[in-house]
Amino acid sequence: MSDNDALKSLLPPLAQARLQSLRLADGTATVILDASGFDGIERDRLEAAIKEALAAAPGVSEVRVAMMADKPRRRIIAVGSGKGGVGKSTVSANLAVALARLGRKVGLVDADIYGPSQPRLLGTEGKRPDAREKQLIPVPTAFGLGVLSMGNLIEPGKAIAWRGPMAGNALGQLVDADWGAAEILVVDLPPGTGDVQLTMLQRHKPAGAVIVSTPQDLALIDATRAMQLFEAGQVPVIGLVENMAGYVCPHCGEVSDPFGRGGAEAEAARLGHAFLGRIPLDMMIRQASDAGVPPAAGDGPQAEAFLALARRVATWLDNS
Ligand SMILES: Nc1ncnc2c1ncn2[C@@H]1O[C@H](COP(=O)(O)OP(=O)(O)OP(=O)(O)O)[C@@H](O)[C@H]1O
């Protein structure tokens, strides 16, 4: 029997069952265990039992126990659009806030190198993330979620010079940050089908993608292209959201359809994708967003529209 096997046989059965590695070097026994599912008391008890079991073993002067914690199963929802200005950032921010309101543990990554707008939308402008051992710590917001933005990493105005590997590495820093207990990461992608999208697909494997479009035909053609990119990368398209869908008159509340109606729903159906809902073109949405208070955090029909979207996305995640 090797020294390691002899030591292993001294461990309590539970520790043996959960053992990942056991090493003895210079009198120090290092025991690494998979402690997923254990609470603090169970961990303390097990650690004490292991120390007691090995303390008197030959050649052991010190025992170190490392418990590998549960890694939360974190899933990425990529929010994309075919073209800029369709409200992808607005939808991402409010989807994340609404998911948090539904009790989901969520974080938001602003990967839009061309126009990082999440700090403004979530009222965190000017706040920089801390870092611990080179890992970024998300900036807390008033809405129950943390946020990290490309804007935290690049100097304003320099975004356009960011290409390929640089943008990919920056995305990695944001996605692999210290997201704590967050189970869902909503990632606001740049518009179109460029480098950041490809890195997202290849390195970070989103669980699914939400595509935002306005009702115009041209926006829908671009949205279709964005959906095809995700499908080619084997990322399921959760569905299509139609933003700026009907205009809500700020005076009388009447809803009209300056860009037509039903186009996105028909396009989603044509492509065999789900239609996730309609967000109206509403002055209140723009004003609240500009003021750093996402409408999803408030009351009324605007919040309800985003909560309905979040419910659909949460249900999709639960069933996939
Ligand atoms: N449903 C809406 N009602 C009213 N205004 C909206 C709505 N959605 C977005 N906006 C406004 O439209 C503008 C563009 O939105 P946003 O920045 O979210 O778009 P985007 O697609 O992320 O753009 P970009 O790709 O350029 O970053 C913002 O001023 C935003 O407040």
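Reader: Let me start with a loop. Which helix and which strand does the loop holding Lys205 lie between?

Author: Lys205 sits in the loop that runs between helix H7 (195–204) and strand E11 (208–213). Keep in mind as we go that this is a predicted model.

Reader: What is there to notice about the phi of Lys205?

Author: Lys205 isn't a glycine, yet its phi is positive, near 40°. Glu133 is another non-glycine residue with a positive phi, about 45° in its case. You'll find Glu133 in the loop between strand E6 (130–132) and strand E7 (135–137).

Reader: How do I read burial? Is Glu133 buried or exposed?

Author: The idea is to count the other C-beta atoms within 10 Å: 20 or more is buried, 12 or fewer is exposed, and anything in between is partly exposed. Glu133 has 5 such atoms, so Glu133 is exposed. Lys205 has 13, so Lys205 is partly exposed.

Reader: And over the whole chain, what percentage of the residues is buried?

Author: Of the 320 residues in the protein, 41% are buried. The fold has 11 helices and 14 strands, and the C-alpha trace spans about 80 × 40 × 35 Å along its principal axes.

Reader: How is the chain divided into domains?

Author: The domain assignment gives domain 1 as 3–68 and domain 2 as 75–318. Their C-alpha centres are 45 Å apart.

Reader: How do I read a nonpolar core?

Author: In soluble globular proteins, nonpolar side chains tend to end up buried together. Here the largest nonpolar core has 70 residues, and those with the most contacts inside it are Val79, Leu95, Ala96, Val186, Val187 and Val210. Helix H4 supplies the largest share, eight residues. Ala96, for one, is in contact with Val106, Leu108, Leu145 and Val186, leaving aside neighbours within four places in sequence. Apart from this core there is another, of 11 residues, including Leu11, Ala29, Leu33 and Leu54.

Reader: What does the UniProt "binding site" annotation cover?

Author: According to the unreviewed UniProt entry, the annotation covers Gly82, Lys83, Gly84, Gly85, Val86, Gly87, Lys88 and Ser89. Take Gly82 and Ser89 as a pair. Gly82 is in the loop between strand E4 (75–81) and helix H4 (88–101), while Ser89 lies in H4 itself.

Reader: Why do Gly82 and Ser89 get their burial labels?

Author: Gly82 has 25 C-beta neighbours inside 10 Å, so Gly82 counts as buried. Ser89 has 26, so Ser89 counts as buried too. Beyond four places in sequence, Gly82 touches residues including Pro191, Gly192, Ser213 and Asp222.

Reader: Which residues come nearest to the ligand?

Author: Of the 20 residues around the ligand, the nearest are Gly84, Gly87, Ser89, Thr90 and Arg286. So what is the shell made of? By class, there are six nonpolar, 10 polar and four charged residues. At least two shell residues come from each of H4, strand E12 (237–248), strand E14 (275–282) and helix H10 (283–290).

Note on methods:
Residues are numbered from 1 along each chain as its sequence is written. Domain bounds come from an automatic or database domain assignment. UniProt positions are given in the numbering used here, feature names are shortened, and annotations may be inferred rather than shown by experiment. Helices (H or I, at least four residues) and strands (E, at least two) are DSSP runs, numbered from the N terminus. Two residues are in contact if their C-beta atoms, placed from the backbone, lie within 7 Å. A residue is near a molecule or strand if its C-beta atom, placed from the backbone, lies within 6 Å of it. Ala, Val, Leu, Ile, Met, Phe, Trp, Tyr, Cys and Pro count as nonpolar, Asp, Glu, Lys and Arg as charged, and the others, Gly among them, as polar. A nonpolar core is a set of buried Ala, Val, Leu, Ile, Met, Phe, Trp, Tyr and Cys residues joined through C-beta atoms within 7 Å.
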